[in-house]
Every structure is written in structure tokens, then in C-alpha cells.
Amino acid sequence: MINDSCAGLYLHVPFCLSKCPYCDFYSHTDLSLIPQWIAALEKEVDLYKGRFSSFDTLYLGGGSPSRLSEDQIETLVEMIQSRFHFDSCSEITIEANPNDLNPAKLKKFRELDINRISLGVQSFDEKELLFLKRRHTVTDAEKTINWIREAGFKNIGIDLVYSLPGQAREQWLDNLNKALAFQPEHLSCYQLTIARGTLFWGMKKMGRLQPISEVDEEGFFLTTSKFLEDHGYIHYEISNFAREETYFSKHNQKYWQRRPYLGLGPSAHSFQGNRRWWNVRSVKKYCQALEEGRSPIEGQEELTEEQVRLEMISLGLRTRAGLDLSCLGEKQEMKKMLPRLVENGWMSISDNHLIPTLKGFLVADRLPLFFD
Amino acid sequence: MKQIRNFSIIAHIDHGKSTLADRLIQYAGLVDQRQFRDQILDTMDIERERGITIKSNTVTLPYTNKKGEEFDLNLIDTPGHVDFSYEVSRALASCEGVLLLIDAAQGVQAQTLANMYAAVEQDLTLIPVINKIDLPSADIERVKEEIETDLGLDSESALLCSAKEGIGIEEILEAITERIPSPKGSLDAPFTALIFDAHYDPFRGTIISCRVFNGSVHAGDMIRLMSNGATYLVEEVGFFRLTREPRKELSAGEVGFIIAGIKTVSDTRIGDTITLETNPAPAPLHGFKEVKPVVFSSIYPISSEDYQSLSDALEKYKLNDAALVYQKDSSAALGQGFRCGYLGLLHLEIVQERLEREYNQSIIMTVPSVQYRYHLKDGETVVVDNPQYYPDPMTIDSSEEPFIRATILIPDTYLGNIMNLCRERRGLNPQMHYPTPGRVELKYDLPLAEVIFDFYDKLKSLTRGYGSFDYELIAYRESDLVKLDILVNSEKVDALSLMVHRDRARARAVQICDRLKDEIPRQMFKIPIQGAIGGAIIARSTISAFRKDVTAKCYGGDITRKRKLLEKQKKGKQRMKMVGAVEIPQSAFVAVLKTDTD
């Protein structure tokens, strides 16, 4: 067993009532498969017995984990907590849709030690919710947030999506103001990405959806960062903001900081040592494999030194914490572009770290190409 | 004893040479149906992809004629494109006869004429063959008339065939044995063989393709290469039968290969004579005339560390493509490289592709140029094919550029279009005549520089593929030339400079700036692209900067996907040349070569 004291555990709940037109995470709409999936998951959990020493985060993501019944969630959480060791102060998050929650369900969450809710509000504008084909209204969302607070949750994250076709800057700021009214500890603001395999992708191809211009995207991004920082939030990752450092998503940081994590469920990804592996992207194949006593792993890779470095750079430069300069290694080649990157205002160097600026965040996908 | 016939197939491009060669090979039973694939002699991927033959290839076909006599028929396949007429003439030097293939629908074309003259010059026996007689548009009577009037040959001697359908193949093989004379030469005279091709094999050294004129050679003989006196011990001789087939000896009249452990690439010269050390021939065979390159461009390694590797690759490449000439060159923007001379633009493209595919080189090619002459005020004359060495304009008294005399054959309905094209390309002295009704033979004096880029493509598209074209260099003529510089991000990229006629400079500059705007990927800063003559900017375009390039979500724990994308981008970057702060992809240098996109 590798001693990774601070591993994260991700559980992918691959079920949704309907697919959102922008989402490219794996999910299935046939909810009748849930019991079979839970049974398979139990077998997968057993495969990892003793493979990770302990965890300090648990993240129920999806899909729509909140769609599961109270009993099903209880089964899952207890199954995991009984098989794996968790630190006493672990962060336990569940992703939720506004109209999946009610006070009774939230009470159950508290009993299961779930201490963080990531709520997929997406927008506080009815028209935008319709465009995004969300199945809740603004009132549903507001009511739900109040219930979450009333249930005693001290760590709420609200997910919003912006840079929508035709969206005006004021409209978006109005959204942010409505979110701030609830003083969420955490905000994820994602610019709309039109990914292959989604409904929006098809609409764009057919000319029925016109994405906003790159110049507007730039403007929206800068406006968002400034507005939230003015309201006391820390812009700690490209799309993530938190009121205080303690509210940074402990689990998501594991991805960016290259800490070990175990992903359970169809399409989930895992990382330990220098190895990455991932499960099949199909509930049926996942269940079938486990029922036949086989592993549901579809692929894996052993990272080379060069790949490790590339990951460190690309992930590090997505966060405000930046990249420890020592990660670049000894080769001077790697550092020859640094003066230019700083000169152009994409990053700064402080305390032996390479820190991306806001301007750097905007082109974070290109920055790693400057190191070789 | 077996009799020998050495022959070649010559034709205008697309008239079906490779298909006929395929049929002959099949008829001779060299391959069974199962192993067969089309264009079997075209071994290079690039030949198959483009459906053209670039290299002459040799194959020996065993054949027994109707009288029961046995033959070895040496077929030397040849390219059809105007750029490769040199390959054709080398192949012809090894033959006694040719099949002159003519498309039954298209009839006699410019290359048919040019190839026929080359064959006649070498006193070869001509067998006209009308191909594609199965086509609905075939007009055999008209083609026969053209054979009489255009070629001056007896149309009664023409054979009819459809290589595609396998019709008339036996008649062709019979005619080869009956009409083409057996090779002359004496077994008793000292050994002489003409090198007409060669290629390098890393294990066996140079593999020489040759035609033996006198005497014979065996494994164990000591050969001497007459141009430099180098001697080598013969390891193996044999025939080409799709693969190399070793033989005891190669003797007078035969075509085959010699392997003699020749590791010094430069020792083998195409056109050189091989003789024996023990009983040398008194004089070398009549070789081929040296080819003169007409288009020049430089080749640079994308990464300067690869200079040596490129140098080795060129040396080996040259063995197999005698038409390429090169010498060292250097550029401020691109570093150390080579200035190369080519037969034409297609040849240039082929060299580039083959260097990349067969020799694993990552290269950049600069804008091609012809050779210009500058008469300076001090009475001196300089010849310049590289814009880098363009003389100071203040010192130039007058300048000259090479002109060609183009022969263009087209259906008369396209006459207006083609005359416009020629005028636009500064064509002079038009002449036309109608060899047969409905067809025009148009002659023009054109600056070579206007022809090398895309004239042939243009001609083809303007005539729906029915136009054909051939040319010969005629003279240097006075011309008003200027040097056009291209600035990328305010830095002059010398590799993109070119010399143009003053009247065409602005149009060309605008075109190049627009082209580069499309070809250079957006970068992190705005990049102006300018065309300039001296200090004056005459054209400009701008590549906008990336405003935003970041994915909102990192796909949960799926870091692999993200990293693979980056790895792919990094790989793409390795194929770009850093010029100042700007990454210029190889495709940008190539794109400048092509003129109009329409």
C-alpha cells in the first residue's frame, strides 16, 4: 500500500433525469439501472481494499447524485465509509440539483456527515434556465438555498454558467448579485463551453446557436473576476472563487495539485503514484465487468518524467497558487521563455513560484507550450 | 538463348502508362492476381497517392511469342509530367524502342510530341498505341489522323488497346518482339554499362541500375567507374522483376542492377560508364546531357541541430534523383541550409515530400525563384537565383529574366480563356494554328517565372483538363525587376523574399500577405504582415492575437485528456520555425509558392 495520507475519493453517479445540452460528463437517463449499479459499485469498492491508506475528501459527483433516494445515498456513503478510512475532518461534498432537494433529504445528508453542497443553480434568470434546459426555476433555486442554510450547512458552493449566446454584461452581473445575496462560501463560474457530443455542439454546427465572440468572452471573464474580488472572493482557480482559503474546494484541488485520488463508477478517473487509470464510460459495461468478476478499468497510463512536468505546468498555471519553479527541473531550456512570459504580463514570479496573472488565466491553455 | 528487347512506354500524363505497364506485368505472369495492386511499378507512396509516376522503374518480363521464341523484355516505366522529361530521356538511353501511348479520347497532346521527339533523337523504334478504346468518347479515327498529321507517323502501324480492360495486350507484346530491334553490342568487347539510376540501401550500399552495352559482368569482377576511376568489387548482379533477382552475370544488351558495396554516395553518378578494371573500355559511353535546373529554392531544417542529418539525406537522395542540384546556403531567419535547383515546381514538391517521408527530415522550403541576370553599372553581370543576393538596386543598370517558348494544345472553345491567361502572365508573340479541326496549337513567349508557379494547374482547370503544355527555354530578355520583401511582426523574413516584375509586385504582395494571414496560426500577440519594396510598404495584413484560450473545466479528474491535447499541440509546434518571436508553420512557406486560390 502506498502511503498517501491525503487522497481524495470521487464517486461518479452516472444518472440524470435528462441531459443538459452543454454537459459532456457521462450520464445515463435510465434510472432503473440504479440498483444494479449500486451492487456493481460494491464490488468495485472491494477491488481497492487496502490500495489507499486514507482519504480526507469524498465527492459525490455526476450525473445527478441528488437524484438518488435518501436510502440509496445512505447505502453508498456507508458502504464507502465502512470500507475506507477517512480523516475526522474530511470534506464530504454532494453535487445537487435545486429541485432534487427537500428539508428531509438535507437532514439525512447532515446525518451522513455530508458537510458541503455544490448546487447546480447555473442561472438566476428564468430565460437562461430555459435556454440551458434546466429543470428548475429561479424560485426553486432560491428556496433550496434557504433550506440548505436552514439545515445547518456552513459550506455551500453555487455553480453558475455564463458567456451565454446573447447574454448582456448587466444580465450576468445581475446573476452574480442574486447569488451573492446568499453569501455562498464558494462560487464556480464556468464560461459556456460547447463540447463535442452535446446538444449545443450539434446546434452550433447547424448554425442554430451562435457563441459569443472571443473579445466578449475576455470581457466577461475579466468583469467576473473583478466583481467577485471586489466582493471579497478569492479567484483561486480559472473558474473558481471562495470567500476564504478554508472554503477552497479541497477535493478539486487534488486534481490541480496532482494529489492521489480514487475515482469509482463509470468513466471515473484515478491517480496514484505515476499511474492514471480510468473506467469504462458505460453503466452497462461497468456493471457487466464487475458482475463477471472483471475490472471495469478501460485504460491506464504510466507517466513519463516529461509528462509529469507537463501536467504540473498546465495544472499549476490554472491556479492562483501557481507553480513551484523547482518543478521545471534543472534544464535551463525550460526557463528560457520566463522573462518573456513575465514581460507580457501573463505571469509573475514571487516566492520561487510562477503565479499566473488574470491575463495569464485567460490564455492558460497556451502557457504550457512555452516550456520545453 | 533468350532474346532481349529493351523498351519504354512514353505518353502524355494520364494517358495510361502505368495501367499499361500493370497489364504487361500481369500478362507476363510476374505476379498472380492475389498479389496484384494497381500502379505496381510505382513503389513510392507519393506516386500512388498522386496517381503519377515520378521515377523511372525497371522490370524484366519473360515472354514467349507466337513463334515460340523466348524473350526477356526489359520495360522501363517513365514519368509523364513535364518536370520529369529528364527522367524520360535517361530511360530512353537504355532502350531500342518505345511504345508511344495516346489516349483515344484526348488524342495527341503536348507531351506526346515532346516525348516523341526525344525518342526520335535517339533513333528509337516507335510503336504508336492508341489506349482507352473502350471509352464512350474514344475517337479512333480522329486520333489516327492526328498521328499522321501531328506526329508524321504511319497510322496503320498503330495498335489499339484498352489497358484498363486488358484488350490488345498480346498484340502489343508481339509487336515489341517483332518491331523493336534486339540490342546491338558485342559480348567480346570490353565491358561497358551506362548508369541510368541508383538508390542507396543502408545495408548494401548504392544499388546501381544500368544498361549493359558491351561485354559482361559477374559477381567477383572488379569494376571501375570511369568518371572518377573509383574501383569496387562486384558483390551481386541481377535483373529487376519487381524485386531484385540475382543472376550469374549481366551481359551486352541487358538491363539490371549491380551491387558493389559502394558506400561513398558521391562515387555513383547517373550517366557515368562502368567498365572492368582488368579490361577497361578505351572511352566512356555517350552519357546524357546534364540537366539544367530552372527553379531554385532553399531547404532548411526546421531545427538547426538537424543540419547534418539533412546534409546526409540530400546526398543519398541525389543518388536517386540526379536532376536535383544543391549547394550550401544560409539565411538570417532560418540558419544553415541548402540552395537547390529543380526541374520545375512539381519536382520541388516531390523533393520536399520524399525528403520528409523517405528520409524523415523536417524541412522548410523558401519561395522558388528563377535565375535572373543583372547588368551592373560597372559593366559586370551577375546571375542571381536567390533574392538574398539581389544586388543593391542603385548599382543595377538593367536586368533580364529567362523566357520560354510555350506550346499549348487546347480544344478551340477555350482559346479566349487561355489567351487571357497568357496575357496576364506577360505572354508575348502569340502564334496559333489548327492542326486538326477543333484543336488549337498556341505558342507564346512567357517569362519562366510566370510559368513555374501554377501555370500548368491553371491551364488544366481553365480547359477542364483538356489543355496540355510543354516548353523550352529560349532566351534572357530585359525586364523591370524588383525585390519584394515580406515582414512578419516587423521583421524581414529573408526566406520569403522574392523577385518579381514591377507591374506584378503589388498584386503578388497582397496575395502573399493574405495567404500568410491564413497560414500562420494566431499567437499570443498581434502580428502584422507586410509586403515591401525597399522601404516602401505596399501590402499589409494582420493576424489578431488570442484574447482567450482556456477551458473552463478541467474535466473532473480526467487530466489525461487535457495533457494529450497539449502533447499534440507541442508536437505541432515542433513543425514550426521560430522567426523572431513568431512561430511560422512549414505550410506557410509552401503556401506562398502557390498563387491564386480560385
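Two residues are said to be in contact if their C-beta atoms, placed from the backbone, lie within 7 Å. The structure I present is a predicted model, in which local features need pLDDT of at least 70 and side-chain atom pairs count only at pLDDT 80 or more, while totals for chains, interfaces and linings use all residues. Residues are numbered from 1 along each chain as its sequence is written, and chains are lettered from A and ligands numbered from 1 in the order in which they are written.

I begin with chain A. Of the contacts in chain A with a separation of 6 or more, 71% are between residues 24 or more positions apart. Chain A has 13 helices and 15 strands; helices (H or I, at least four residues) and strands (E, at least two) are DSSP runs, numbered from the N terminus. Of its 372 residues, 43% count as buried, that is, 20 or more other C-beta atoms lie within 10 Å of the residue's own, with C-beta atoms placed from the backbone.

One open sheet in chain A has 3 strands in the order S13-S15-S14, with antiparallel pairing; two strands pair if DSSP finds at least two bridges between them. Strands S13 (323-324) and S14 (347-350) each have a single partner strand and stand at the edges, so one side of each is left without a neighbour in the sheet. S14(A) pairs with S15(A), residues 353-356, over 4 bridges, and A:Ser348 stands opposite A:Ile355.

Next, the contact between the chains. It takes 36 residues from chain A and 21 residues from chain B. On the side of chain A, the elements that each supply at least two residues include strand S6 (186-191), helix H8 (214-230) and helix H11 (305-316). That side divides into 17 nonpolar, 9 polar and 10 charged residues. Here Ala, Val, Leu, Ile, Met, Phe, Trp, Tyr, Cys and Pro count as nonpolar, Asp, Glu, Lys and Arg as charged, and the others, Gly among them, as polar.

I turn finally to chain B.

B:Val579 stands opposite B:Val582. This hairpin has 2 residues between the strands, and B:Gly580 takes a positive phi near 60°.

Technical notes: A residue is buried if 20 or more other C-beta atoms lie within 10 Å of its own, exposed if 12 or fewer, and partly exposed in between; C-beta atoms are placed from the backbone.
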